[in-house]
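These are my notebook entries on a single chain. I set down what I looked up, entry by entry.

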Amino acid sequence: MTDIPKTFYRYRAFCTTTLSSLCYDELYFAPPGSFNDPLDCSPTLTCNSPIEDLRALLTHFVSRRISSQVLSHLREAGVKGGQASEHAEKQAFREAERQLADIAYHARNPDHDGSIEEKESCLLLNAIEHELHHWYEQGVCCFSTSYSSPLLWSHYGDQHKGLCIGYTADRNPAPKLQKVAYGGSRTITSSMLCEAFLHGNEDVVAAINKNVLLRKARGWSYESEWRLIKPQGLQKSPLLLTEVTFGLRCPPPVIHTVIRALERRENCVKFFKIHEVRNSFALRRRQVDVDELQAVFPVTAKSGIEIFGAPDRRAGEGD
């Protein structure tokens with residue numbers, strides 16, 4: 001059993017979106033297609049199954065996708081119940097049949113090398129891989145286990161001008177955070193898909209989910225990443241916000257603004273500021289003196305006259 005870290009960190013630039021997410025205690029679950037790594041959550045599929053299984057797989061994925069889409073549209077139109085389900089199933093079956101017929105037709109194209117069955121298998125595999133990407137269009141929220149990574153501060157913390165938000169899993173129910181694995185292969189075999197989705201093997205489903213959603217290239221291992229998987233979009237945080245660490249270059253007015261925004265939370269939030277270590281590339285942090293900071297801000301600009309009073313016009317005049 002993997003040990004769960006005490007605190008999970010999310011690096012952010014300071015902007016209205018970040019401030020809003022802090023005030024409303026929300027997290028954004030991003031679509032994998034928006035990630036800076038195009039290979040992340042993008043599996044490749046290899047074939048080790050007979051053509052009948054490939055047809056069954058494509059039928060399964062297309063039917064599930066189309067049925068879900070049709071039901072969603074019907075709910076928006078106010079149509080529910082058995083009638084809606086029956087209509088969705090018919091539409092899904094027709095679309096799956098249409099795609100299979102289309103693939104069988106193109107497999108007979110004499111301009112491409114190979115037997116008809118080989119060409120059909122290749123077309124089916126490509127279609128299944130496309131459907132697989134649709135299947136895994138879930139929302140992902142990413143965290144690290146470190147608040148002092150210079151690379152993470154540079155890449156995600158606005159070049160050290162932003163902040164790093166710390167969360168714990170101390171909630172009821174406890175959120176299910178999952179650890180990212182680095183290296184290995186992003187390949188999935190068609191036989192694994194058959195075992196998982198046609199025969200209902202939950203262990204294989206879990207293995208595929210991990211390979212698709214929780215595996216990255218070894219070069220990303222510096223992130224020490226953990227993930228929450230949920231539907232895409234902005235959602236209430238299932239984690240408990242406990243601390244905020246401000247970057248080495250974070251301006252004092254930003255620090256003041258964030259502290260004031262969170263000062264009335266039910267749970268006490270701790271605030272820290274990163275500082276450099278002399279003769280070292282290491283980053284450390286110390287707790288922010290909130291009273292000292294709030295004694296400085298906000299500043300009211302005053303002119304010299306407002307500060308010292310109007311000059312005495314008689315000064316320097318002779319008798």
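Does tyrosine 9 count as buried or exposed? I noted that tyrosine 9 counts as buried because its relative accessibility is 7%; buried means under 20% relative accessible area, exposed over 50%, and partly exposed in between, with a 1.4 Å probe and protein chains only.

Basis of the entries. I worked from a predicted model, in which local features need pLDDT of at least 70 and side-chain atom pairs count only at pLDDT 80 or more, while totals for chains, interfaces and linings use all residues. Residues are numbered from 1 along each chain as its sequence is written, and side-chain values use heavy atoms, with hydrogens and water left out.

Aromatic pairs. I found nine aromatic pairs in the structure; rings of Phe, Tyr and Trp (its six-membered ring) pair if their centres lie within 6.5 Å, and planes under 30 degrees apart count as stacked, over 60 as edge-to-face and the rest as tilted. Tyrosine 9 pairs edge-to-face with tyrosine 147, at 5.6 Å centre to centre and 65 degrees between the planes. This pair links distant parts of the chain, 138 residues apart: tyrosine 9 lies in strand S1 (residues 8-12), and tyrosine 147 in the loop between strand S4 (139-144) and helix H5 (150-156). Helices (H or I, at least four residues) and strands (E, at least two) are DSSP runs, numbered from the N terminus. I recorded tyrosine 147 as partly exposed, because its relative accessible area is 24%.

I next looked up phenylalanine 143 and tyrosine 167, an edge-to-face pair at 5.9 Å centre to centre and 80 degrees between the planes. Phenylalanine 143 belongs to strand S4 and tyrosine 167 to strand S5 (residues 163-168), 24 residues apart. Both phenylalanine 143 and tyrosine 167 are buried. The charged end of arginine 10 sits over the ring of phenylalanine 143, 5.9 Å from its centre (the criterion is NZ of Lys or CZ of Arg within 6 Å of the ring centre and within 35 degrees of the ring normal).

Nonpolar cores. I took a core as a set of buried Ala, Val, Leu, Ile, Met, Phe, Trp, Tyr and Cys residues joined through side-chain atoms within 4.5 Å. The largest has 37 residues, and Leu58, Ile128, Leu193 and Ile208 have the most contacts inside it. Helix H2 gives the most to this core, with nine residues. A second, separate core of 27 residues includes Phe29, Cys141, Val244 and Ile255.
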